[in-house]
Amino acid sequence: MTKLGQWLCGLALLGSAWAALALAPAGLRLPAPYRQALLPLPVYLLVALGCYSLATVGYRLATFNDCEEAAAELQEHIGAAREDLRRRGLRF
Amino acid sequence: GGDKFSVLLPTYNERENLPLVVWLLVRTFRQSGNNFEIIIIDDGSPDGTQEIAEQLEKIYGSDKILLRPRPRKLGLGTAYIHGMKHATGNFIVIMDADLSHHPKFIPEFIRKQKEGNFDIVSGTRYKGNGGVYGWDLKRKLISRGANFITQVLLRPGASDLTGSFRLYRKEVLQKLMEKCVSKGYVFQMEMIVRARQLGYTIGEVPISFVDRVYGESKLGGNEIVSFLKGLLTLFATT
């Protein structure tokens, strides 16, 4: 199954479970407090996921390593390379 | 005999950097004692890259420096296929020729490969002490944001999908090249996704990516759009 397929299946499962419980006819309903909590759940989940995403990306951005030493080392290596290659007869 | 490592270097206008990256590769491999060859696939660069490649071939020998040029820019995927046809190693290293990737990480890739008998070892900028030099906040944000979306949608089992510094078993790369159809950043992503589909194992090594080109070549809206299109295609088809 493709990733899209997995997502659609998952959403269909959760969606139908929520619809069955939240929109049930009068005789089969859950007690009122449970229904009140259940109805806005999809929106709450969406907002929660949005916050999680922002926090995760923000954290990863803040901890993205800056390779100062790597850049400095590369400059040294470039110098050594040019010198050695010149000695070996390379015409830049 | 033992293992041999073929380094594929597709080049376009790398006259300045090519001798430097070749010098670093030769030094790295001589120090580590691994058998190697460097295959330079130049796509008809107008700046004389091929000429300087010929000089390098004379200096280091045609058994170590293999020149396999092409008449014009024909794309990265076909450059790999073309290069592999001439590769006599049982492992292939792919990397950028502009010094953003430092050959010093190759022995670490090799060590990692042996450690876990991996089919692929991927350099990652996002884990451990991997990282980037030369990117401003905006570029880093785009990078992390794109990677996050990719992880959520594709759950690929590798932290750096758009990286292009990797070690492959030769037959694994050959198999993957048959199956991959995307271009650009998405091509590198597709390789990892397909590899997982085919049951290949992937190890990771943190690398530093030194971007000396970013100032001249900003990441444009076009590239972001085509990246998203490619990502959604992979999402819907794999």
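**Stop 1: where the chains meet**

Start by selecting the contact between the two chains: 44 residues come from chain B and 33 residues from chain A, where contact means heavy atoms within 4.5 Å. Keep in mind that this is a predicted model, in which local features need pLDDT of at least 70 and side-chain atom pairs count only at pLDDT 80 or more, while totals for chains, interfaces and linings use all residues. For picking, residues are numbered from 1 along each chain as its sequence is written, chains are lettered from A and ligands numbered from 1 in the order in which they are written, and side-chain values use heavy atoms, with hydrogens and water left out.

Chain B and chain A bury about 3,500 Å² between them, 65% of it on carbon and sulfur atoms. That area is the accessible area (1.4 Å probe) that two parts lose on being put together, summed over both.

Next, pick A:Arg91 and B:Glu51, whose side chains form a salt bridge at 3.9 Å, N to O. The rule (a side-chain nitrogen of Lys or Arg within 4 Å of a carboxyl oxygen of Asp or Glu) finds three salt bridges across this interface. Which helix gives the most to the side of chain B that touches chain A? Colour α5(B), which supplies 11 residues. Helices (H or I, at least four residues) and strands (E, at least two) are DSSP runs, numbered from the N terminus.

**Stop 2**

Move to residues 166-169 of chain B, strand β7. B:Arg166 and B:Tyr168 point one way, B:Leu167 and B:Arg169 the other, and all are buried, that is, under 20% relative accessible area, with exposed over 50% and partly exposed in between (1.4 Å probe, protein chains only).

Which residues stand opposite B:Tyr168? B:Ile92 is one of them, and B:Ile120 is another. Strands pair here if DSSP finds at least two bridges between them.

From β5(B), step across to β8(B): the two run parallel, joined by five bridges. B:Ser122 has B:Glu204 as its bridge partner there. Four of the five residues of β8 (residues 202-206) are buried.

**Stop 3: helix α6**

Select residues 170-179 of chain B and highlight B:Lys170, B:Val172, B:Leu173, B:Leu176 and B:Met177, which are buried. They cover an arc of only 155° around the axis, so they sit on the same side of α6(B); the arc is that of the directions from the helix axis to the C-beta atoms. Their cover includes α3, β4, β5, β7 and α7 of chain B.

**Stop 4: two buried side chains**

Zoom in on B:His101, in the loop between β4 and α4 of chain B. B:His101 counts as buried because its relative accessibility is 2%. A polar atom of its side chain lies 2.9 Å from the backbone nitrogen of B:Asp96. Other residues that B:His101 touches include B:Phe165 and B:Phe209.

Finish at B:Glu190 in helix α7 of chain B. With 1% relative accessibility, B:Glu190 also counts as buried. Among the residues it touches are B:Lys179, B:Ser182 and B:Leu234.

Definitions and conventions. A polar contact is a pair of N or O atoms within 3.5 Å; within protein, one must be able to donate a hydrogen and the other to accept it, and residues adjacent in sequence count only if both atoms are side-chain atoms. Lists of a residue's contacts leave out its neighbours within four places in sequence.
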